[in-house]
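Reader: Could you walk me through how to read a structure like this one, feature by feature?
Author: Gladly; let us look at it together.

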Amino acid sequence: KGADPQRTAFLLRKQWTLYSVTPLYRFSYAHLRDYARLLSACIAAEKQKGLAVEIGVELDVKVAVSSLPELKGSDQDQAAILVQLSSRSRASPKNSEEKLLWSGCFCCVSGENPAEKEPEDFTCLPLFLANGAESYTALVGSWFQKTFDCCFCRLAISPFNLSWMAAMWTGCKGDKTTCALELLFSVPCLPQPLDISYAVHPEDAKALWDTIQKTPGEVTQEEVDVFMDCLYSHFHRHFKIHLSATKLVKVSTAIASAHCEGIIKFLQSQYLTEVLMLLTELAIVHIQ
């Protein structure tokens, strides 16, 4: 079941930083307005101390907390929670446009119910996405941690998981705008940092994957390994460089791009649910 493109369009083509979050204690969907008010007061108090302020601009930060039931893998999943901070400078007229400063989204797009394992006072939303200044992420994160006794942790993506993403997303049928499969590698143990960028024409990458994948819709570890080995040997034939000795740090495809530091960009709404499912799975494993 795909997410509603209208309601989830805000996720597309932005850079999101990934976090894993332990279950929220005594969180209630009935009190979202109260949470917005309390978080707003917390941000105002921090600003009094001179923190999280854009220099020289008197800003009123407005907080909105809403639920996004569209962002689910199945009916068992908890509805996603969207937190948005917007601003209007005090000098501007009351009806002027508000500027979105920061967005954060808690979600659980898992297709199965991880909450079954949780005691009933806990709400399981293991994946958190943040877009905007880190100072706001820290403020919002610490408020949630204090209020719901949870813990935020940056969610890195291992080279192993990046290679899975490269294979799976190459296998997806993209839209008309073909986008090369791009892999970025970092070369270790050098005095100066060196990156190697490797781009493969989307049709060539897809043709290679189609010769490897045995069951459409299913991906095995062996298939991912063969796919990456073929790409590595092709590169070695041309440039005499063993990519297996480097570290895969970024994967870009028509579906999404992902960086090992836990940064993701969603590029197609029709695959949003699948990508979020994979990220939710990584977040759950990370918490455990």
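**Reading the fold, feature by feature**

Author: Ala 245 sits in the loop between α6 and β11. Helices (H or I, at least four residues) and strands (E, at least two) are DSSP runs, numbered from the N terminus. This is a predicted model, in which local features need pLDDT of at least 70, side-chain atom pairs count only at pLDDT 80 or more, and totals for chains, interfaces and linings use all residues. Residues are numbered from 1 along each chain as its sequence is written, and side-chain values use heavy atoms, with hydrogens and water left out.

Reader: Is Ala 245 buried or exposed?

Author: Buried means under 20% relative accessible area, exposed over 50%, and partly exposed in between (1.4 Å probe, protein chains only). Ala 245 counts as exposed because its relative accessibility is 54%. Its C-alpha atom is separated by 8.3 Å from that of Pro 188, 57 residues apart along the chain.

Reader: And Ser 257, buried or exposed?

Author: Ser 257, in strand β12 (residues 256-259), is buried, with a relative accessible area of 11%. Contact means heavy atoms within 4.5 Å. Leaving aside neighbours within four places in sequence, the contacts of Ser 257 include Trp 169, Lys 250, Ile 264 and Leu 267. Of the 288 residues of the protein, 45% count as buried.

Reader: How do I read a helix, and which residues of α5 are buried?

Author: An α-helix has 3.6 residues a turn, so residues three or four places apart point the same way. In helix α5 (residues 202-212), the buried residues are Pro 202, Ala 205, Trp 209 and Ile 212. They lie on the same side of α5 because they cover an arc of only 90° around the axis, the arc being that of the directions from the helix axis to the C-beta atoms. Glu 203 and Thr 211, on the other side of α5, are exposed.

Reader: What covers the buried residues of α5?

Author: The cover includes α4 (159-171), β9 (181-187), β10 (194-200) and α6 (221-239).

Reader: How do β9 and β10 run, and how many bridges join them?

Author: Two strands pair if DSSP finds at least two bridges between them. β9 and β10 run antiparallel, joined by seven bridges, and Leu 184 stands opposite Ser 197 in β10. The two strands form a hairpin with six residues between them, and Cys 189 in the turn has a positive phi of about 60°. β9 also runs antiparallel to strand β11 (residues 247-252), with five bridges; there Phe 185 stands opposite Leu 248.

Reader: How much space lies in the largest pocket?

Author: Rolling a probe the size of a water molecule over the atoms shows where empty space is left. On a 1 Å grid over the protein atoms alone, a pocket is an open set of points where a 1.4 Å probe fits, with protein on both sides within 12 Å along at least five of seven lines; lining residues have an atom within 4 Å of a point. Grid points are joined across faces, edges and corners, and a volume is the space filled by probe spheres set on the points. Here the largest pocket holds about 390 Å³ of space. Of its 19 lining residues, Met 168, Cys 172, Gln 213, Gly 217 and Val 219 are the closest to its centre.

Reader: Which element gives the most to that lining?

Author: That is α4, with four residues.
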